[in-house]
Protein chains: 2
Amino acid sequence: MIKVGIVGVGTVGQSVVKILQKNQDIISARAGKKIIPAIGVVKNLDKKRDIDIPLTTDVNEVIENDEIDIVVELMGGVKEAYDVVKRALQNKKAVVTANKALLAYHRYELQEIAGDLPLFYEASVAGGIPIIGALRNGLSANHIESIVGILNGTTNYMLTKMIKEGVSYEEVLREAQELGYAEADPTFDVGGFDAAHKLLILASIAYGIDAKPEDILIEGIEKITPTDVEFAKEFGYEIKLLGIAKRNNDGVEIRVHPTMVKSSNPISKVEGVMNAVSVVGDAVGQTMFYGPGAGGDATASAVIADIIEIARGNSSPMLGYKKSLERGLKLLKPSNIESRYYLKLKVLDKPGVLASIAKILSEFNISISSVLQKESKIENRVRLLLTTHKCKEFEIIKAIAKLKELEWVGDNIAMMRIED
Amino acid sequence: MIKVGIVGVGTVGQSVVKILQKNQDIISARAGKKIIPAIGVVKNLDKKRDIDIPLTTDVNEVIENDEIDIVVELMGGVKEAYDVVKRALQNKKAVVTANKALLAYHRYELQEIAGDLPLFYEASVAGGIPIIGALRNGLSANHIESIVGILNGTTNYMLTKMIKEGVSYEEVLREAQELGYAEADPTFDVGGFDAAHKLLILASIAYGIDAKPEDILIEGIEKITPTDVEFAKEFGYEIKLLGIAKRNNDGVEIRVHPTMVKSSNPISKVEGVMNAVSVVGDAVGQTMFYGPGAGGDATASAVIADIIEIARGNSSPMLGYKKSLERGLKLLKPSNIESRYYLKLKVLDKPGVLASIAKILSEFNISISSVLQKESKIENRVRLLLTTHKCKEFEIIKAIAKLKELEWVGDNIAMMRIED
């Protein structure tokens with residue numbers, strides 16, 4: 001018998017308790033042991049909850065309780081959660097956590113503290129999709145070429161609406177808030193931070209890189225307009241908020257930003273609140289993992305899978321490496337990433353404009369891949385849409401700055417990265 | 001250090017050796033141990049191979065060799081392979097196999113023989129996609145509602161061609177044979193048997209069911225015409241060869257057949273030689289796993305992932321259950337499955353025909369969902385296309401038999417199952 005203590009009994013915590021009870025037959029057959037949700041730690045005992053286990057407000061009743069084998073951390077936040085997980089590990093308890101922010105900041109310290117104890121976190125990335133297991137175990141023979149993921153359901157729901165219905169960012173945000181998909185302060189989701197936390201976890205397993213959110217490029221979806229969406233379609237692309245980690249000759253790029261994704265890429269078809277992660281390995285080629293990225297039951301599915309693995313006595317190295325890589329890969333600075341780019345300009349309608357722009361781009365080693373020119377409603381201006389071949393981020397930034405100085409271009413230049 | 005002996009050094013075996021050598025740095029960091037491909041067993045020593053390990057024709061040099069820790073069985077076939085795997089296990093060696101036919105027939109016996117020894121087989125289903133791990137570990141908290149998979153790359157390549165280019169089955173088969181995607185005798189692939197072997201393995205992990213290929217419904221793609229493909233599109237479906245395992249109130253259905261799949265279902269978009277498996281769990285909801293289902297390197301990726309898991313000391317129960325389920329689920333007879341159906345008839349063009357057909361169907365508790373009537377080139381005949389609501393397989397079979405007796409219908413009725 002395995003006794004589980006749950007710290008934080010919100011939506012996911014309640015699902016964990018209910019599924020452990022409802023699916024007890026199959027879970028104990030698979031684990032080889034009965035698994036009992038024994039006690040929950042909450043802030044407020046009076047809050048109504050639809051579950052039947054003893055509750056306490058004292059976390060020590062779990063982490064210092066000799067009868068508890070596994071501590072499930074679902075409280076969220078970073079500082080307090082770090083303390084709980086650390087003390088649970090020090091008390092020789094296995095830990096399961098769904099806390100992506102905690103891991104985005106403290107995964108390497110916690111790995112150190114855990115030592116040989118299991119510290120599992122399948123639920124921290126992409127909810128019910130077993131992507132941690134896939135990357136850490138299923139694809140472990142591969143040098144990972146790239147990870148490209150839709151890691152945030154809220155923003156994917158919003159972008160899907162914008163693509164399908166042509167509505168504005170503001171309108172779709174209001175609707176997502178009404179439906180409970182977006183928070184009152186939506187920054188964490190729409191700003192790309194949630195996706196970044198998850199991406200950093202995946203990038204550690206793939207590349208062994210200890211980066212923090214502050215070290216990487218993070219851009220949100222706030223500035224995307226229906227025009228961008230429409231023009232993307234004309235070029236054969238969909239706009240998605242992607243988390244991208246990839247290896248190139250110089251190092252590893254880790255970045256989160258709105259991206260124009262080629263319509264033939266299966267990840268461009270992932271709609272609504274669903275998540276998907278595409279992983280390319282040097283042996284396996286392209287794989288993709290798709291499923292619900294949030295929700296109480298889906299997340300609980302991942303939490304309980306970890307509990308079952310611990311009950312079976314399995315313990316993969318937390319971040320995928322039993323011993324550290326001899327030659328560590330280095331994280332590239334955001335300005336050193338390479339991408340193809342989409343540029344949207346509003347320029348004066350006069351001869352030679354395109355030639356002048358092409359010339360400026362070429363000064364920064366940027367060559368144009370495709371061009372679309374549209375009449376604009378503003379008199380004497382045309383809208384010019386460009387896509388470039390692959391170039392360095394710092395060069396496109398310099399080129400945009402130089403273009404903005406030209407009076408016939410003006411300040412209104414939008415840029416988006418492209419993933420084929 | 002872990003020493004691996006490889007029995008059968010064909011395309012996959014050679015990839016296993018090469019990737020173990022090429023990715024040695026990352027593999028040993030992940031496994032915590034150096035993994036050495038130490039010896040290979042072949043039938044013909046003179047055949048040219050592009051690898052650098054000692055070879056022998058004597059399988060005992062691997063399975064009776066005290067220095068070998070893991071035996072990788074890649075010889076194929078059932079009888080001889082069973083003998084090799086059994087003897088390796090009896091000699092206390094861990095075993096990794098990619099042999100789906102072996103497992104389709106002998107998985108429960110081998111599980112028994114293996115006992116606590118690892119007997120891993122990630123590569124046996126869907127090549128490089130880590131679907132065994134996902135089902136056995138990542139989704140272990142769930143009662144599995146359904147597994148729906150494109151499990152055979154050859155037939156998916158052929159159907160994709162038929163869908164995109166409107167070519168005939170015969171033409172696309174000839175082309176697939178020229179490209180090496182289909183064998184000279186293509187029965188194993190086009191008849192659905194390869195997919196059935198894989199499906200039976202997945203169904204065991206999901207439901208603990210010990211079925212053999214002979215026990216389940218298996219239909220191939222040989223009878224699909226360009227007309228079927230075209231009409232499917234008009235109804236909003238694509239035709240795919242699916243392996244389906246699902247639980248209903250009476251038991252478990254396991255079946256392989258060409259299927260009309262709704263275009264909104266992500267599995268309908270899987271093209272060419274790619275594989276995909278959709279798994280619905282009661283907690284997680286719908287997940288999907290996508291990737292290359294065959295090829296030397298992709299399959300080797302899965303074989304080596306198993307080797308790394310064994311090196312890490314992990315050992316999940318072979319078929320997912322540490323102890324058997326108390327209430328076993330029972331396999332439904334093929335005639336007892338339930339589905340929606342598509343019917344294609346050629347009927348005399350006279351009043352009341354549709355009403356008469358609807359009446360006959362209703363005698364067998366079958367109600368019509370949609371109808372499409374098309375002019376036919378054959379004089380005085382119209383082509384009638386129906387889809388039905390869900391009904392029992394034995395009732396649709398009886399209804400078709402009765403319809404065939406009517407002189408104004410005639411013998412020419414085609415049926416296909418539908419998956420929404």
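# Close-up views of a two-chain predicted model

**View 1. Chain A and its three domains.** Chain A is divided into domain 1 (2–133 + 297–311), domain 2 (140–290) and domain 3 (337–419), with bounds that come from an automatic or database domain assignment. This is a predicted model, in which local features need pLDDT of at least 70 and side-chain atom pairs count only at pLDDT 80 or more, while totals for chains, interfaces and linings use all residues. Chain A holds 14 helices and 17 strands; here helices (H or I, at least four residues) and strands (E, at least two) are DSSP runs, numbered from the N terminus. Its C-alpha trace spans about 80 × 50 × 35 Å along the principal axes of chain A. Of the 420 residues in chain A, 52% are buried. A residue is called buried if 20 or more other C-beta atoms lie within 10 Å of its own, exposed if 12 or fewer, and partly exposed in between, with C-beta atoms placed from the backbone.

**View 2. Where domain 2 meets domain 3 in chain A.** The C-alpha centres of domain 2 and domain 3 of chain A lie 24 Å apart. How many residues of domain 2 of chain A are in contact with domain 3 of chain A? There are 16 residues on the domain 2 side, and they touch 13 residues of domain 3 of chain A; two residues are in contact if their C-beta atoms, placed from the backbone, lie within 7 Å. On the domain 2 side, helix 11 (226–234), strand 9 (237–247) and strand 10 (252–262) of chain A each supply at least two residues. Strand 10 of chain A gives the largest share of that side, seven residues. By class, the domain 2 side has nine nonpolar, three polar and four charged residues. In this count Ala, Val, Leu, Ile, Met, Phe, Trp, Tyr, Cys and Pro are nonpolar, Asp, Glu, Lys and Arg are charged, and the others, Gly among them, are polar.

View 3. Ile244(A) lies in strand 9 of chain A. Is Ile244(A) buried or exposed? Ile244(A) is buried, because 23 other C-beta atoms lie within 10 Å. Leaving aside neighbours within four places in sequence, Ile244(A) is in contact with Val148(A), Glu253(A), Arg255(A) and Glu419(A). Ala203(A) is 41 residues from Ile244(A) in sequence, and the two are 9.0 Å apart in space, C-alpha to C-alpha.

**View 4. A parallel sheet in chain A.** Six strands of chain A form an open sheet in the order 3-2-1-4-5-6, and the pairing is parallel. At the edges are strand 3 (55–56) and strand 6 (119–120) of chain A, each of which pairs on one side only. Two strands pair if DSSP finds at least two bridges between them. Strand 1 (residues 2–7) and strand 4 (residues 70–73) of chain A run parallel and are joined by four bridges. Gly5(A) stands opposite Val71(A) in strand 4 of chain A.

**View 5. The loop around Ala126(A).** Ala126(A) is found in the loop between strand 6 and helix 6 (131–138) of chain A. Its phi is near 60°, a positive value in a residue other than glycine. Ala126(A) counts as buried because it has 34 C-beta neighbours inside 10 Å.

**View 6. Chain A against chain B.** A rotation of 180° with 0.0 Å of shift along its axis superposes chain B on chain A, with RMSD 0.0 Å. The two copies are thus related as by a two-fold rotation axis; they are superposed by least squares on the C-alpha atoms of residues with pLDDT of at least 70 in both. The contact takes 53 residues from chain B and 53 residues from chain A. On the side of chain B that touches chain A, helix 2 (24–31), helix 6 (131–138), strand 12 (285–292) and helix 12 (296–311) of chain B each supply at least two residues. That side has 24 nonpolar, 19 polar and ten charged residues. Since 100% of the interface residues of chain B are also interface residues in chain A, the copies meet through the same surface.

**View 7. Strand 12 across the two chains.** Strand 12 (residues 285–292) of chain A and strand 12 of chain B run antiparallel, joined by three bridges. Met288(A) stands opposite Tyr290(B) in strand 12 of chain B.

How values were computed
Residues numbered from 1 in each chain as written. Chains lettered and ligands numbered in written order.
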